[in-house]
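Dear colleague,

I am passing on the structure we talked about, and it is shown just below. My notes on the side-chain contacts follow it.

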Amino acid sequence: MQEQAVSSPTGESIATINTKASFKSHELKSTTRGGSEVESLAIQIEKRRAERIPVTMKVRKRFLKTFLTCCQKNNYPPGKVPPSEVRDFRDKVQEEITARGDGVGFFKKQAMLLGFRDDKSTLLRVLERALEVIAERDIKDNEYFFFQDFNFYFTVRESRWPWRRSALASSLLVILTFYICSAVLWCSILEHDGICDSNGDTFSGAASAIYFASTTMSTVGYGDLSVFGGSEAPSKWLMFLGIVYMVAAMLVASTALNVGVEAAANTNWVTRTQDYVFNMLVGEYSQGMLLYRYIRRIKLVKVGYIITQFFALNLFGIFVSRAFDNGPGETPWNWMTSFYWSVQTTTTIGYGDIDIPFGLRYFQIFYLVIATYFVGNALGRAGNIKEEILDVRRQHAWRRREISKGMIQEMQAPGLHSENCQVDQYEFVVASLVTLGKVTADDITPIMDKFRKLAGKKGYIELEDEMAEREQLENEVATQSERFTAEQIGNGGELEHNEYEDLGFE
């Protein structure tokens with residue numbers, strides 16, 4: 001006899017009803033932009049990231065060390081403490097601040113005016129935020145607060161030094177330090193006349209050393225100043241020192257210089273201006289426009305931007321170089337010579353085949369590092385145009401898609417609700433991100449590995465799992481306590497003090 005499927009009073013199979021119920025839990029609850037569950041989750045995470053509390057390493061170390069000590073002392077699970085421990089720590093820090101009163105010294109107050117943080121006040125703010133999270137998540141006293149997770153997701157580390165909190169300011173400080181050290185090294189310590197070249201002025205020797213630092217960082221290397229350019233042949237240790245200096249210059253260029261110039265170039269007003277000009281020249285894509293024409297317009301604008309940036313920096317160098325006259329015995333420059341010098345400077349080729357006016361070194365200290373970065377950035381963008389055009393094609397193909405069997409089959413998770421030809425918001429987001437090249441299957445796999453580990457055999461993550469794990473750990477601690485107590489019956493039924501400490505009791 002053939003087994004019949006179990007049906008509901010409406011005639012639908014139970015499997016169909018369960019599939020529909022599962023789908024309804026993921027259906028769009030709001031059609032307002034930004035009001036969907038997926039958008040709300042993304043906004044919630046980004047808001048939390050934006051509201052992280054800046055803390056110094058000293059504050060973070062005390063926060064973590066205090067709770068880690070509690071875990072070891074009381075046999076709490078790693079990374080977890082009861083809310084009572086957070087409240088006790090908050091009260092302790094509050095008492096320290098209250099006891100201090102207005103006892104902050106004069107120099108401490110001045111330091112705070114300059115941007116230095118008060119560590120205790122910052123720590124109190126962190127603990128108050130931790131208690132707010134505990135209240136928001138309704139964590140009971142017999143439950144655990146994950147302090148290590150809180151430390152990562154609700155605080156962000158900052159430098160204790162105010163000038164290092166800005167990428168631009170920190171980079172400028174490193175570069176300035178490198179310039180000063182270069183002048184001291186080559187002019188004061190080594191007195192190297194091949195680098196510390198002077199024309200008789202008071203600061204011309206130091207300026208030459210700083211100019212040498214710029215040519216090294218920018219990798220232009222004209223060859224007019226060098227370790228081998230002195231009146232005497234360099235010794236082996238001097239050549240070794242030159243090698244160390246070149247490596248140090250590259251480290252400064254690849255870290256501080258690039259970060260600093262990029263931070264200056266990517267400020268809000270610069271980015272907004274670039275986006276405005278690009279959108280004004282390219283325009284919006286309309287449904288009736290041919291894609292190849294739109295892409296051609298994007299190519300022309302991007303290539304035009306690269307050419308404009310390249311020639312603007314070179315023209316600036318040309319006009320400034322015309323203001324400097326060559327010294328006695330030097331070949332005078334014409335416009336083409338200035339153009340030739342400017343291009344070999346911004347492209348970092350630096351043949352060194354022309355005599356550069358001594359006074360131009362003062363300008364080149366800044367022009368070398370800035371122009372070479374921006375021109376290199378512009379030339380690098382030229383190599384990225386192909387990938388950018390591919391991204392435009394992906395966006396175009398994605399935007400023009402309409403509901404069809406093909407779209408449903410491509411975006412639908414296999415076996416979820418295939419018989420209903422439905423796609424929920426979560427499937428649509430994941431499929432769109434992969435289609436647009438924002439993520440790949442290799443990016444998703446480790447995330448799902450973590451989900452599978454947390455979900456176990458049930459297929460979903462549930463808070464009861466963590467509760468059961470906590471109860472199991474507490475039972476193990478209680479069992480261990482009973483065992484040690486039974487072993488000490490022969491000693492009068494009392495445990496030694498150090499054995500209490502091993503069990504986590506006082």
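**Ring pairs and charges**

A search of the whole structure finds 23 aromatic pairs, where rings of Phe, Tyr and Trp (its six-membered ring) pair if their centres lie within 6.5 Å, and planes under 30 degrees apart count as stacked, over 60 as edge-to-face and the rest as tilted. One of these is the edge-to-face pair of Phe-116 and Trp-161, with 5.8 Å from centre to centre and 80° between the planes. This pair links distant parts of the chain, 45 residues apart, since Phe-116 lies in the loop between helix 5 and helix 6 and Trp-161 in the loop between strand 4 and helix 8 (helices, H or I with at least four residues, and strands, E with at least two, are DSSP runs numbered from the N terminus).

Please keep in mind that this is a predicted model, in which local features need pLDDT of at least 70 and side-chain atom pairs count only at pLDDT 80 or more, while totals for chains, interfaces and linings use all residues. Residues are numbered from 1 along each chain as its sequence is written, and side-chain values use heavy atoms, with hydrogens and water left out.

Glu-158 counts as buried because its relative accessibility is 13%, whereas Arg-117, at 38%, counts as partly exposed (buried means under 20% relative accessible area, exposed over 50%, and partly exposed in between, with a 1.4 Å probe and protein chains only).

The structure holds 17 salt bridges. Among them, Lys-302 and Glu-388 meet at 2.8 Å, N to O, which links helix 12 (residues 291-321) to helix 14 (residues 360-399) across 86 residues. Arg-62, Glu-96 and Lys-120 are linked in a network of salt bridges.

Returning to the rings, Phe-63, Phe-67, Phe-89, Phe-145, Phe-147, Phe-150 and Phe-154 are linked by ring pairs into a cluster. The charged end of Arg-48 sits over the ring of Phe-154, 5.9 Å from its centre (NZ of Lys or CZ of Arg within 6 Å of the ring centre and within 35 degrees of the ring normal).

Best wishes

Terms used
A salt bridge is a side-chain nitrogen of Lys or Arg within 4 Å of a carboxyl oxygen of Asp or Glu.
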